[in-house]
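Dear colleague,

Please find below the structure that I am handing over to you.

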Amino acid sequence: QVQLVESGGGLVQAGGSLRLSCAASANNAVIFSIDTMGWFRQAPGKQRELVATVTGGGNIHYVDSVKGRFTISRDDAKNTVFLQMNSLKPEDTAVYYCNANRIIYWRGGTKYSTGDSWGQGTQVTVSS
């Protein structure tokens, strides 16, 4: 019932930049609020790892490996989270997944709440 649609992945040379976007929507419904939004990534042969999160209150967390290079932000009016990735390295190559926790939405006068929702993933490839 809730969809997260990512965009912005691609191929870039080391040192380059990419900006990922993820928009949340609900069929025939209005999203009221989203708690934490974030980005995870999974490289081939590795477990999915957290990259960055931002809460509804604006608290931000980054994994150490991206601090100073990546910036997460959100636009609550558009139910969208962004990940600006600068100074990209080959080790940043992975499928990046958007995550949204506890989406509250209204449909037909009824309030609904979700748990974790995930996007379909977008490939980021950094060449050396």
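D64 is exposed, at a relative accessible area of 59% (exposed means over 50%, buried under 20% and partly exposed in between, with a 1.4 Å probe and protein chains only). Its salt-bridge partner is K67, with the closest N and O atoms 2.9 Å apart; a salt bridge here is a side-chain nitrogen of Lys or Arg within 4 Å of a carboxyl oxygen of Asp or Glu. K67 itself is partly exposed, with 49% relative accessibility.

This is a predicted model, in which local features need pLDDT of at least 70 and side-chain atom pairs count only at pLDDT 80 or more, while totals for chains, interfaces and linings use all residues. Residues are numbered from 1 along each chain as its sequence is written, and side-chain values use heavy atoms, leaving out hydrogens and water.

In the whole structure, 5 salt bridges were found. R41 pairs with E49, the closest N and O atoms lying 2.6 Å apart. R41 is buried, at 6% relative accessible area, whereas E49 is partly exposed, at 32%. A further salt bridge joins R41 to D92 (3.0 Å, N to O). D92 sits in the loop between β9 (80-85) and β10 (94-101) and R41 in strand β5 (residues 37-42), so this pair ties together parts 51 residues apart in sequence; strands are DSSP runs (E, at least two residues), numbered from the N terminus. D92 is buried, with a relative accessible area of 1%.

Elsewhere, F32 belongs to strand β4 (residues 30-34) and is exposed, at 60% relative accessible area.

Key:
Helices (H or I, at least four residues) and strands (E, at least two) are DSSP runs, numbered from the N terminus.
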